[in-house]
Amino acid sequence: MKPFLTSLMGSLPRNRDLMALKRELKNDNSFLPKYQDELKKEYLQALSLQERYEIDILTSGELDRDNYVSFVANKLNGVSELNMADLIEFMPNKKAFEKTLQILDVPSLSIKNAICTGKISRNKSLVAGEMKFLKAHSTKPLKATLPGAYLLTRSLWLEGLSSKFYKNKTDLSKDILKVLKEELRELANLGVSIVQFDEPVLSEVVFLKGETRSFMCAALSTRKDTAPELEFASNLIKEITNFGKNIGLKIGLHVCRGNWSKDESILLKGSYLPLTQLFEDVLPDILFLEFSTPRAGEIKTLLQSSEISQNCILGLGVINPRNSEIESVEFIVNLAKKALKFIPKERLWLNPDCGFATFANRPVNSFEIIEKKLNILNLAKKSLQKSF
């Protein structure tokens with residue numbers, strides 16, 4: 001395996017035509033052919049972008065998704081898509097929830113969330129369709145990006161609605177695990193190389209202080225104290241990780257500290273130390289982690305764990321997707337050198353911290369900036385491959 005392989009973390013900006021057709025499609029199914037044609041063109045553009053900058057492991061750009069988790073509402077039985085205004089009436093503390101939206105600069109009508117409103121089962125594949133399209137147009141390794149089992153459980157659960165169908169979140173998680181295992185089987189049969197599970201709520205568990213909740217993970221449900229919540233999360237993530245490994249997939253775990261705003265001051269911060277035990281217990285093939293920002297702490301804090309440094313590939317976050325500043329080759333190379341003190345070059349990969357457009361109608365960057373950042377990423381990769 002070559003050292004310093006590159007991949008994107010998921011989302012890319014959707015163009016205006018695609019967004020307009022998606023809105024029309026919600027009310028009129030006759031727009032489906034036009035939408036599908038436009039979507040295919042956008043997938044090809046995403047492939048072209050990645051190939052232009054020699055990205056080694058390709059992703060779809062998540063172009064058919066409203067955001068990184070709400071899209072499951074269209075794929076699963078028992079799930080409805082609601083906006084924040086719809087959900088306010090179900091919150092135990094409406095004023096606190098409205099204050100959260102104001103602090104985090106989130107219009108209540110602009111972001112939607114998938115909520116459990118019935119018994120959950122899969123009525124269609126979550127992401128196999130986009131993987132089939134990519135496979136038909138490229139011979140490079142493919143990475144599917146999916147919301148993780150813990151993220152889905154926390155995000156879909158809303159006490160006033162979901163408790164009519166499940167006793168609690170643990171009960172709900174059993175059906176979520178079934179859905180994800182079905183998906184993994186299909187992706188394995190397609191020949192997908194890697195499945196990346198996004199679990200940003202883990203940051204909310206260990207870093208959040210006070211009542212204000214972290215909106216980036218749409219964590220509307222209340223959580224337990226940190227230790228039992230991490231144990232709950234660890235059990236879910238470990239079960240799905242082991243299942244994926246057992247059927248021949250490489251399983252990645254992605255954790256960041258928020259990706260909905262360019263304002264760094266309102267995003268979570270803290271080193272990976274509180275999550276080290278969970279990482280050791282779960283032990284995914286790849287840890288895709290945020291490191292381009294000081295909010296993530298020092299690389300050595302994570303890699304001092306011999307269990308992690310000896311067994312996991314580190315997908316090192318070296319590009320900040322939220323700002324317009326273009327990282328230098330030197331910056332990326334220096335981050336890589338810090339990691340190389342603990343792990344061999346073959347197990348060090350390079351990637352942005354997170355996606356460039358977590359929410360379809362609130363991308364955090366433009367293609368002009370994205371291209372410049374990916375160019376630097378490619379130059380840094382080549383520099384490292386030449387030097388080490």
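1. Helices α5 and α8 run roughly parallel to each other (roughly parallel means an angle under 35 degrees, roughly antiparallel over 145, roughly perpendicular 65 to 115, and the rest is oblique). Their axes, in α5 (residues 128-137) and α8 (residues 169-190), come within 10 Å and cross at roughly 10°. Axes here are lines fitted to C-alpha atoms, for helices over the stretch in contact, with angles from 0 to 180 degrees between N-to-C directions. On the α5 side, the contact (heavy atoms within 4.5 Å) is made by Ala128, Met131, Lys132 and Lys135, and α8 brings Glu183, Glu186, Leu187 and Leu190. By class that is four nonpolar, no polar and four charged residues, where Ala, Val, Leu, Ile, Met, Phe, Trp, Tyr, Cys and Pro count as nonpolar, Asp, Glu, Lys and Arg as charged, and the others, Gly among them, as polar.

2. A word on ground rules before going on. This is a predicted model, so local features need pLDDT of at least 70 and side-chain atom pairs count only at pLDDT 80 or more, while totals for chains, interfaces and linings use all residues. Residues are numbered from 1 along each chain as its sequence is written, and side-chain values use heavy atoms, with hydrogens and water left out.

3. Now the overall picture. The protein has 15 helices and eight strands, taken as DSSP runs numbered from the N terminus (H or I, at least four residues, for helices; E, at least two, for strands). Of its 388 residues, 59% are buried (under 20% relative accessible area; exposed is over 50%, partly exposed in between, with a 1.4 Å probe and protein chains only). Among contacts with a separation of 6 or more, 82% link residues 24 or more positions apart. The accessible surface is about 15700 Å², and carbon and sulfur atoms own 49% of it; that area is from the Shrake-Rupley method with a 1.4 Å probe, and for residues only the protein chains shown count as cover.

4. Helix α6 is worth a look. Which of its residues are buried? Ala149, Tyr150, Leu151, Leu152, Thr153, Arg154, Ser155 and Leu156 are, so the helix is mostly covered, with eight of its eight residues buried. Leu151 sits in this helix and has 0% relative accessibility. In space, the C-alpha of Leu151 is 8.2 Å from that of Val69, although the two are 82 residues apart in sequence.

5. What does α6 (residues 149-156) pack against? One partner is α10 (residues 226-246): the two axes come within 8 Å and cross at roughly 125°, which makes α6 oblique to α10. Ala149, Tyr150, Thr153 and Arg154 of α6 meet Glu229, Phe232, Ala233, Leu236 and Ile237 of α10. Sorted by class, this contact holds six nonpolar, one polar and two charged residues.

6. Asp66 lies in the loop between α2 (32-52) and β1 (76-83), and at 16% relative accessibility counts as buried. Which residues does Asp66 touch, not counting those up to four places away in sequence? The list is Arg14, Lys22, Lys26, Phe71, Glu81, Thr358, Phe359 and Ala360. Thr358 is 292 residues away along the chain, yet the C-alpha atoms of Asp66 and Thr358 are separated by 8.5 Å.

7. Two backbone points to check by eye. Phe4, which is not a glycine, has a positive phi of about 60°; Phe4 belongs to the segment before α1 (16-27) and is buried at 0% relative accessibility. Glu54 is not a glycine either, and has a positive phi of about 55°. Glu54 lies in the loop between α2 and β1. Is Glu54 buried or partly exposed? At 34% relative accessibility, Glu54 counts as partly exposed.

8. Next, Ser309, in helix α13 (residues 306-311). Ser309 is buried, with a relative accessible area of 7%. The side chain of Ser309 reaches the backbone oxygen of Ser306 at 3.4 Å; a polar contact is a pair of N or O atoms within 3.5 Å, where within protein one must be able to donate a hydrogen and the other to accept it, and residues adjacent in sequence count only if both atoms are side-chain atoms. Setting aside residues up to four places away in sequence, Ser309 touches Leu303, Phe342, Ile343 and Arg347.

9. Last, Thr276 in helix α11 (residues 276-282). Thr276 counts as buried at 11% relative accessibility. Apart from neighbours within four places in sequence, Thr276 is in contact with Thr301, Ser305 and Ile308.
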